[in-house]
Amino acid sequence: MTDSEPFPLRFFAALIIPMSDTILNEQVASHQTAGTKHHTPFEITKEIEKQADQRIKHYPQDRKRSAVLPLLHIVQSEFGFISPEAIEWVAGKLEVEPIKIEEVVTFYPGLRQHAPGKHHIRVCRTLSCAMGGSYELMDKLCELAGIDRSEATHHNPIAVSPCGTWSVEFSECLASCGTAPVCLVNNDFHEDLPAGKASDLLANYK
Ligand code: FES
């Protein structure tokens with residue numbers, strides 16, 4: 001792999017070898033949540049700083065920029081999304097230009113550039129779930145939560161209810177195709193969920 005290849009691919013290759021399963025699992029879990037401090041101002045606490053420094057130590061000193069994904073997941077886990085201020089902070093920690101961090105953030109759909117609601121719902125839209133009614137489920141969830149998805153785009157796939165309680169997003173396969181349609185609400189997995197059960201689903205979260 002050479003420096004002429006896209007920055008995210010170079011980062012990805014650098015991450016595969018040294019990253020343990022534990023770290024990967026933590027990252028997957030953290031990017032599923034809506035964030036414990038969603039909609040709160042970006043403010044780096046000592047605890048966040050400590051977490052970031054610990055992550056950076058997993059990599060050789062001359063490869064600290066390889067900690068980009070762990071740091072971005074810490075930010076997303078804390079604030080629900082990755083703001084321009086967060087990009088500046090991560091760039092400072094890794095001693096790279098902010099544009100390099102922005103390239104990574106815009107490359108991965110799982111890294112959010114906009115704030116989700118208090119409860120973030122990810123509806124699978126891959127084949128089994130689509131055939132099982134996931135589009136109807138999404139329509140029903142939006143109807144019940146008062147969400148307008150017409151503004152959702154590739155770069156901002158999240159649509160938020162006017163009250164800020166709910167947000168929705170389509171996701172690709174969530175690895176439970178045999179129990180389609182499925183969705184995640186924050187970190188909770190829900191299976192066999194036709195549109196008719198949407199109201200019961202929302203009633204579990206307030
Ligand atoms: S297609 Fe939806 S979980 Fe696999």
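Which residue follows H8, and is its phi positive or negative? Gly 146 comes after H8, with a positive phi near 70°. The model is predicted.

**Helix H8**
- H8 spans residues 134-145, twelve residues in total.
- From first C-alpha to last, H8 reaches 16 Å, close to the 16 Å expected at 1.5 Å a residue.
- Ser 134, Leu 137, Met 138, Leu 141, Cys 142 and Ala 145 of H8 are buried.
- These residues lie on the same side of H8, because they cover an arc of only 130° around the axis.

**Helix H5**
- Ala 86, Ile 87, Trp 89, Val 90, Lys 93 and Leu 94 are the buried residues of H5.
- They sit on the same side of H5, because their arc around the axis is only 165°.
- Pro 84 and Gly 92 are exposed on the other side of H5.
- The cover over the buried residues of H5 includes helix H3 (46-56), H4 and helix H6 (98-107).
- Glu 95 follows H5, and its phi is positive, near 60°.

**H4 against H5**
- The axes of H4 (residues 68-79) and H5 (residues 84-94) come within 10 Å and cross at roughly 145°.
- The crossing of H4 past H5 is right-handed.
- H4 contributes Val 68, Leu 71, Leu 72, Val 75 and Phe 79 to the contact.
- H5 contributes Ala 86, Val 90, Lys 93 and Leu 94.
- By class, this contact has eight nonpolar residues, one charged and no polar.

Definitions and conventions:
Residues numbered from 1 in each chain as written. Predicted model: local features only at pLDDT ≥ 70, side-chain atom pairs only at ≥ 80, totals over all residues. Axes fitted to C-alpha atoms, helices over the stretch in contact; angles between N-to-C directions. Helix = DSSP H or I, 4+ residues; strand = E, 2+ residues; numbered from the N terminus. Left-handed = near helix turned anticlockwise from the far one by under 90°. Contact = placed C-beta atoms within 7 Å. Nonpolar A, V, L, I, M, F, W, Y, C, P; charged D, E, K, R; others polar. Expected span 1.5 Å × (residues − 1). Buried ≥ 20, exposed ≤ 12 C-beta atoms within 10 Å, placed from the backbone. Arc of directions from axis to C-beta.
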